[in-house]
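Student: Could you take a close look at one part of this model for me, the helix packing? I'd like the contacts, the angles and the cut-offs behind them.

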Amino acid sequence: MARVTIEHLTKQFKDVKAVDDLSLEIPEGSFVTLLGPSGCGKSTTLYCIAGLEDATGGEIYFDDVRVTELSPKDRDAALVFQDYALYPHMNVQDNLAFALKMRRTSKSETKQRVQQVAEVLGLERLLQRRPSQLSGGQRQRVALGRALIRDANVFLMDEPLSNLDALLRFNTRTEIKRLQRELGTTTIFVTHDQEEAMVLSDRIAIMSEGKLQQYSSPKETYNRPANRFVAGFIGSPRMNFLDGEFGIENEAAILRGRATIEIPGEAARRIAADRGGAVVAGVRPEHIRLSPGASGGIPGVVELLEPVGPVTYVDFTIAGSPLRASVPASTMLEPGESVGVSFEPDQFHFFDKVTGARIDVA
Ligand SMILES: Nc1ncnc2c1ncn2[C@@H]1O[C@H](COP(=O)(O)OP(=O)(O)O)[C@@H](O)[C@H]1O
Ligand SMILES: [Mg+2]
């Protein structure tokens, strides 16, 4: 297994800069996810690491070896794609053994490796079946096995779960995580699904329009999004954003937007006092409390309820501004009802209105 270092990687297609000055260090044995919306350059980055695309600029290293211009074969990265094409005319055993056969591995070693991988992935009883005789999840496990059977330098996975139905995606996700922990493989995983990234990763690299936005642990990404883009991308339901002029009134932080609201907490007070002016304030749905009846808090009106089991998502308005809260399912609310809205102290995030950059207490 190798450490992967990416330095100022750029990939230009005719008129599109698919990857723009990307630098990342992926420690040996860690699980790193490239996350971002469709078209942000995730796959292109992965293909540059694998050697399937040539970089326009920048360098890639596996440990201390510069691989930027090496052929895919000499880099020895194992790839798993979204449409995990298996050889349809070969059974599972031969599909698994294929890469070893190409490398002229001995029969006895091949047999042993196939057994080992089949055992790890629970494929022992399927070895004689053809891909058409397998379920989607089983096929995906064979595709993983084909990658795992080689002692590759790094595992690259491009949205390997997106063709599976919800339950299977959930189970296979757990399986991938377990395997990676067990085998200690350096893994770079691509997805547009923020939940998948949160669950699987040691660190998440969030990209937008070819540029790296933040590279940090799932917890850090969630708790301290580096900018408004990350704040809006991580978390479901997404963060609420309120625009306004930020200032101090009666020693409290006040945001004057469509509605005027007091923002509780010491951090808000200090930022308002130090800086003030135009900001975007963000608060996650789970940090909003709604009390039935209009007494106490900021007056709001319930619009729509979406029960999702343990919690209910509530669309409501303050002075006509739409917001979303996530409240315990036991909270009794009705559409059209007046509510008192309050915010948990020190749970607001602040962003520069122009650049979108996070604003912290000085
Ligand atoms: N071979 C190509 N030729 C031209 N443009 C491409 C090519 N491959 C990708 N792109 C463009 O590069 C950008 C990033 O694509 P991609 O890396 O596939 O994004 P993602 O995997 O994040 O969805 C997109 O705008 C895409 O249209
Ligand atoms: Mg892609």
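Tutor: Val92, Asn95, Leu96, Phe98 and Ala99 in α3 meet Val142, Gly145 and Arg146 in α5, where a contact means C-beta atoms, placed from the backbone, within 7 Å. By class that's 5 nonpolar, 2 polar and 1 charged residues; Ala, Val, Leu, Ile, Met, Phe, Trp, Tyr, Cys and Pro count as nonpolar, Asp, Glu, Lys and Arg as charged, and the others, Gly among them, as polar. This is a predicted model, so local features need pLDDT of at least 70 and side-chain atom pairs pLDDT 80 or more, while totals for chains, interfaces and linings use all residues. Residues are numbered from 1 along each chain as its sequence is written, with chains lettered from A and ligands numbered from 1 in the order written.

Helix α3 spans residues 92-102, and its axis comes within 7 Å of the α5 axis, crossing at roughly 30 degrees. Axes are lines fitted to C-alpha atoms, for helices over the stretch in contact, and angles run from 0 to 180 degrees between N-to-C directions. Helices are DSSP runs (H or I, at least four residues), numbered from the N terminus. The two are therefore roughly parallel (under 35 degrees; over 145 is roughly antiparallel, 65 to 115 roughly perpendicular, the rest oblique).

Now for the other partner of α5. The axes of α4 (residues 107-121) and α5 (residues 136-148) come within 10 Å and cross at roughly 135 degrees, which makes α4 oblique to α5. Here Val117, Ala118 and Leu121 of α4 meet Arg141, Leu144, Gly145 and Leu148 of α5, giving 5 nonpolar, 1 polar and 1 charged.

How values were computed: Contact = placed C-beta atoms within 7 Å.
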